[in-house]
Amino acid sequence: MTLTPTDKQIILDSIRDIPDFPKPGIIFKDISTLLSNPKALDTLMTHLEKRYKNYDLDFIAGIDARGFIFGSILADRLGIGFVPVRKKGKLPYTTVAEKYTLEYGFDEVEIHIDAFSYEREAEEPSKVLLIDDLIATGGTAKAAANLIDKVGAHCVEVCFIMELAFLNGRQGFNAPVYSVLVEE
Ligand code: AMP
C-alpha cells in the first residue's frame with residue numbers, strides 16, 4: 001500500500017526541523033507538529049492501517065516515548081493490543097533487558113517478560129510490529145527488536161515514520177524495515 005506523493009508531502013510538511021537540538025549539529029525532527037495537525041495525523045495513520053491490516057498482527061510494540069503514540073493509535077485502529085518497550089527502570093513487573101551502544105556509553109531498553117501473552121496460548125509466537133517515530137543509527141530499534149525475540153515473540157516488521165538514511169541504521173535488523181518518509 002503506497003502513499004500518494006500528495007499524502008507523503010502532507011506528512012512531511014507537518015514535521016518541523018529544529019537545528020542544533022539537543023546539541024550543535026543535530027537537526028531534530030519534531031513530530032509534535034504532526035500530532036497537532038489532524039489532517040496529517042489521519043493521513044499517516046490511515047496509510048499505516050491500510051498497510052498493516054492484512055499482516056495478521058497480534059500486537060504492536062512501540063519504543064519509548066514517541067513510538068507509544070503512533071503505536072497506540074495503530075493498535076487501536078487494527079483492534080489489537082499495544083506493548084511498550086521502555087527505557088530501563090520504568091516497568092514494574094519482571095522484565096527482560098537489552099543494552100545498546102550510544103555515541104558515548106550505552107543505554108538499555110526493557111520489556112515485560114509476559115508482554116505478548118494476553119489471550120494467547122503458547123503454540124505459535126505472537127506476530128509483532130515494532131514502531132518508532134524515527135530511525136537514526138538504529139541502535140534503539142535493534143535492541144527493541146531483539147527483546148521481542150527474547151520473550152518468544154516474532155517481530156514481523158519494524159516501522160518508522162522517518163528514516164535518516166545517511167546514517168545507515170536499517171542495516172542489521174533480523175526483520176524487514178519500512179519507513180514512511182526517507183531523508184537521504
Ligand atoms: P537511534 O537509536 O540512533 O536510531 O535513535 C533513535 C531514537 O532517537 C528514536 O527514538 C528517535 O526518536 C530519537 N532521535 C534520534 N535522532 C533524532 C533526530 N534527528 N530527530 C528526532 N529524534 C531523533
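This is a predicted model: local features need pLDDT of at least 70, side-chain atom pairs count only at pLDDT 80 or more; totals for chains, interfaces and linings use all residues.
H4 runs over residues 66–78, which makes 13 residues. From its first C-alpha to its last it reaches 19 Å, close to the 18 Å expected at 1.5 Å a residue. Its buried residues are Gly67, Phe68, Phe70, Gly71, Leu74 and Ala75. What do these buried residues pack against? On the helical side there are H2, at 32–35, and H3, at 38–52. On the strand side there are E3 at 59–63, E4 at 81–87, E7 at 127–135 and E8 at 154–164.

Next, H3. This helix has 15 residues and spans 21 Å between its end C-alpha atoms, close to the 21 Å expected at 1.5 Å a residue. At the start of H3, a side-chain oxygen of Asn37 comes to within 3.2 Å of the backbone nitrogen of Lys39. The buried residues of H3 are Ala40, Leu41, Thr43, Leu44, Met45, His47, Leu48, Arg51 and Tyr52.

Leu35 sits in helix H2. Is Leu35 buried or partly exposed? Its relative accessible area is 27%, so Leu35 counts as partly exposed. Setting aside neighbours within four places in sequence, Leu35 is in contact with Leu41, Ile69 and Phe70. Take Ile69: 34 residues away from Leu35 along the chain, with the two C-alpha atoms separated by 8.9 Å.

For contrast, consider Glu123, in the loop between E6 and E7. Glu123 counts as exposed because its relative accessibility is 67%, and the cut-off for exposed is over 50%. Between Glu123 and Thr33 there are 90 residues in sequence and 43 Å in space, C-alpha to C-alpha.

Now the ligand. There are 14 residues around the ligand, and Arg66, Asp133, Thr137, Gly138 and Thr140 come nearest. For Arg66, a side-chain N or O atom is 2.6 Å from an oxygen atom of the ligand. For Asp133, the corresponding distance to a ligand oxygen is 2.8 Å. For Thr137, the distance to a ligand oxygen is 2.5 Å. Taken alone, the ligand exposes 490 Å², and the protein buries 81% of that. Arg66 also belongs to the range of H4, residues 66–78.

Last, the interior. In soluble globular proteins, nonpolar side chains tend to be buried together. Here the largest nonpolar core has 28 residues. Those with the most contacts inside this core are Val85, Ile111, Phe116, Leu130, Ile148, Val158 and Phe173. At least two residues each come from E3, E4, E5 at 95–101, E6 at 106–112, E7, H5 at 139–150, and E8. Which element gives the largest share of this core? H5 does, with six residues.

Leaving out neighbours within four places in sequence, its contacts are Leu129, Leu130, Ala141, Phe173, Ala175, Pro176, Val177 and Tyr178. There is also a second, separate core, of 26 residues, which includes Ile15, Ile60, Val156 and Ile161.

That is the tour; I will take questions.

Notes. Residues are numbered from 1 along each chain as its sequence is written. Side-chain values use heavy atoms; hydrogens and water are left out. Helices (H or I, at least four residues) and strands (E, at least two) are DSSP runs, numbered from the N terminus. The expected span of a helix is 1.5 Å times one less than its number of residues. Buried means under 20% relative accessible area, exposed over 50%, partly exposed in between (1.4 Å probe, protein chains only). Contact means heavy atoms within 4.5 Å. A residue is near a molecule or strand if one of its heavy atoms lies within 4 Å of it. A polar contact is a pair of N or O atoms within 3.5 Å; within protein, one must be able to donate a hydrogen and the other to accept it, and residues adjacent in sequence count only if both atoms are side-chain atoms. Accessible areas come from the Shrake-Rupley method with a 1.4 Å probe; for residues, only the protein chains shown count as cover. A nonpolar core is a set of buried Ala, Val, Leu, Ile, Met, Phe, Trp, Tyr and Cys residues joined through side-chain atoms within 4.5 Å.
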